[in-house]
Amino acid sequence: MSEFIFTNEALIRIGVFGGVFCLIACAEWQWPRRVRGVSQRVRWQNNLGLGLLNTVLLRLIFPMAAVGAAAVAAEQGWGLFFFLGWSGGLAIGVAIVLLDFVVYLQHRVMHAIPLLWRVHRMHHADLDLDVTSGLRFHPFEMIISMAIKCSAVILLGAPVLSVVFFEVVLNGMALFNHANLRMTKTVDRWLRWIVVTPDMHRTHHSVLVDERDANFGFNLAWWDYLFVTYRAAPRETHEQMVLGLPGMRQISECCHLPSMLAMPFRKTNE
């Protein structure tokens, strides 16, 4: 089973990604949370183009990505789980939770260190939020993220199955929690006990700094509760709140791929 998943990891991820993307895009069309302020065609072309660029670049730099790191760790007997003698369901479950914690910590560091913020701010410069925003990360950030993820996988000795499952879920959740999707308050409230919802994450994309520096989770909501970075809602309603960065409000600088790629090199007050 593990060998089959390892061999077909890319196909599994692409298949799940395509299905989740189409499902959420249809749900956004049927139940939108906010009125779009920017042309969907412009944003989708550039965000999807960036997503494709990142996919190709990461495969060139990290041919087997985090799954390959897990396979090497298993072959060499590296990592905490091998030292503790953990295997099977226990190792898989704990690895998934700890890898999610690593992503939470990485996200906070991206906001805290000025040099890393220059890279990460491209994600926040999006003037609208929808399913394609879950793909909008600068190539530099994707490379940094993958290097951190591979290091964490090796240090933990995370099983291959846990890494594939985590990657699939994380990608799907990034699409979901950036969605322009209206849910009932009851559904949103219950989901927040476990995972990050679109309303919860939208607050993180506020133009206001104190709202932006909250709700750092991508998948599990627990970390924001535990480390007191949770914010229930923005000051304004979700329909009225302003998204993006205060110093970058032009479509040409925020939503066109060449300008997006150049963003880490531009001097602003952000």
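**Figure 1. Contacts of Ala95 in a predicted model.** Apart from neighbours within four places in sequence, Ala95 is in contact (heavy atoms within 4.5 Å) with Phe81, Ala158, Pro159 and Ser162. This is a predicted model, in which local features need pLDDT of at least 70 and side-chain atom pairs count only at pLDDT 80 or more, while totals for chains, interfaces and linings use all residues. Residues are numbered from 1 along each chain as its sequence is written, and side-chain values use heavy atoms, with hydrogens and water left out. Ala95 belongs to helix 6; helices (H or I, at least four residues) and strands (E, at least two) are DSSP runs, numbered from the N terminus. The relative accessible area of Ala95 is 0%, so the residue counts as buried. Buried means under 20% relative accessible area, exposed over 50%, and partly exposed in between, with a 1.4 Å probe and protein chains only. Ser162 is 67 residues from Ala95 along the chain, and the two C-alpha atoms are separated by 6.4 Å.

**Figure 2. The largest nonpolar core.** A nonpolar core is a set of buried Ala, Val, Leu, Ile, Met, Phe, Trp, Tyr and Cys residues joined through side-chain atoms within 4.5 Å. The largest one has 28 residues, of which Leu99, Met146, Val153 and Val163 touch the most other members. At least two residues each come from helix 4 (65-76), helix 6 (88-112), helix 8 (139-156) and helix 9 (160-177). Helix 9 gives the most, with 7 residues. Leaving aside neighbours within four places in sequence, Val163 is in contact with Ala66, Val67, Ala70, Leu99, Val153 and Ala158. In soluble globular proteins, nonpolar side chains tend to be buried together.

Figure 3. The expected span of a helix is 1.5 Å times one less than its number of residues. The 12 residues of helix 4 should therefore span 16 Å, and the end C-alpha atoms are 17 Å apart, which agrees. Buried in helix 4 are Ala65, Ala66, Val67, Gly68, Ala69, Ala70 and Ala73. Gly77 follows the helix and has a positive phi, near 75°.

Figure 4. Helix 2 (residues 9-30) has 22 residues and reaches 32 Å from its first C-alpha to its last, close to the 32 Å expected. Glu9, Phe21, Ile24, Ala25, Ala27 and Glu28 are buried in this helix. Seen down the helix axis, the buried residues of helix 2 fall within an arc of 160°, so they line one face; the arc is that of the directions from the helix axis to the C-beta atoms. Leu11, Leu23, Cys26 and Trp29 are exposed, on the face turned away from the buried side.

**Figure 5. Helix 3 and its packing partners.** The 22 residues of helix 3 should span 32 Å, and the end C-alpha atoms are 31 Å apart, which agrees. Val42, Arg43, Trp44, Asn46, Asn47, Leu50, Gly51, Asn54 and Leu58 are the buried residues of helix 3. These buried residues pack against helix 2, helix 7 (114-124), helix 8, helix 14 and helix 15 (257-262). Ile61 is also placed in helix 3 (residues 40-61), and is partly exposed, with a relative accessible area of 42%.

**Figure 6. Two loop residues with positive phi.** Most residues other than glycine have a negative phi. Asn215 has a positive phi, near 55°, and lies in the loop between helix 12 (209-212) and helix 13 (222-226). Asn215 is buried, with a relative accessible area of 0%. Val228 likewise has a positive phi, near 55°, and lies in the loop between helix 13 and helix 14 (251-254). Val228 is exposed, with a relative accessible area of 72%.

**Figure 7. The chain as the setting for the close-ups.** The chain has 15 helices and 0 strands. Along its principal axes, the C-alpha trace spans about 50 × 40 × 35 Å. Of the 270 residues, 49% count as buried. Among contacts between residues at least 6 apart in sequence, 74% join residues at least 24 apart.
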